[in-house]
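Hello,

Here is the structure you were waiting for. The notes on what was found in it follow below.

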Amino acid sequence: MKKFISSLLVLVSAFVLATAVFAANKNDNNDWKEMLPMMKQMHPNFSEEQLQKMYEQCRNTKNMDQMMEHMMNNDE
């Protein structure tokens, strides 16, 4: 039983590590290009520079609460 639990723990840990590495290596430029049409639709009065600034702030924010607060209070 201990071997099974240990093996399962190693397998889950490897999966989590592989997922983190994959997410860290994702090409941000492609993400920006994919997000731009949706962002333009959601915020039609924003310039492309404002949208890119918002995108970068969202990508760089670690705390989801801070990101949501910023989005709700953004007067741009």
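Which helices each supply at least two residues of the lining of the largest pocket? They are H2 (28–42), H3 (48–60) and H4 (64–73). Helices here are DSSP runs of H or I with at least four residues, strands are runs of E with at least two, and both are numbered from the N terminus.

This is a predicted model, in which local features need pLDDT of at least 70 and side-chain atom pairs count only at pLDDT 80 or more, while totals for chains, interfaces and linings use all residues. Residues are numbered from 1 along each chain as its sequence is written, and side-chain values use heavy atoms, with hydrogens and water left out.

The chain has four helices and zero strands, in the order α-α-α-α from the N terminus. Of its 76 residues, 13% are buried (under 20% relative accessible area with a 1.4 Å probe, protein chains only; exposed is over 50%, partly exposed in between).

A pocket is an open set of points on a 1 Å grid over the protein atoms alone, where a 1.4 Å probe fits, with protein on both sides within 12 Å along at least five of seven lines; lining residues have an atom within 4 Å of a point. Eleven residues line the largest pocket, and Met35, Met39, Met54, Cys58 and Met71 lie nearest its centre.

The largest nonpolar core consists of seven residues: Trp32, Leu36, Met39, Phe46, Leu51, Met54 and Tyr55 (buried Ala, Val, Leu, Ile, Met, Phe, Trp, Tyr and Cys residues joined through side-chain atoms within 4.5 Å). H2 and H3 give two or more residues each to this core.

Regards
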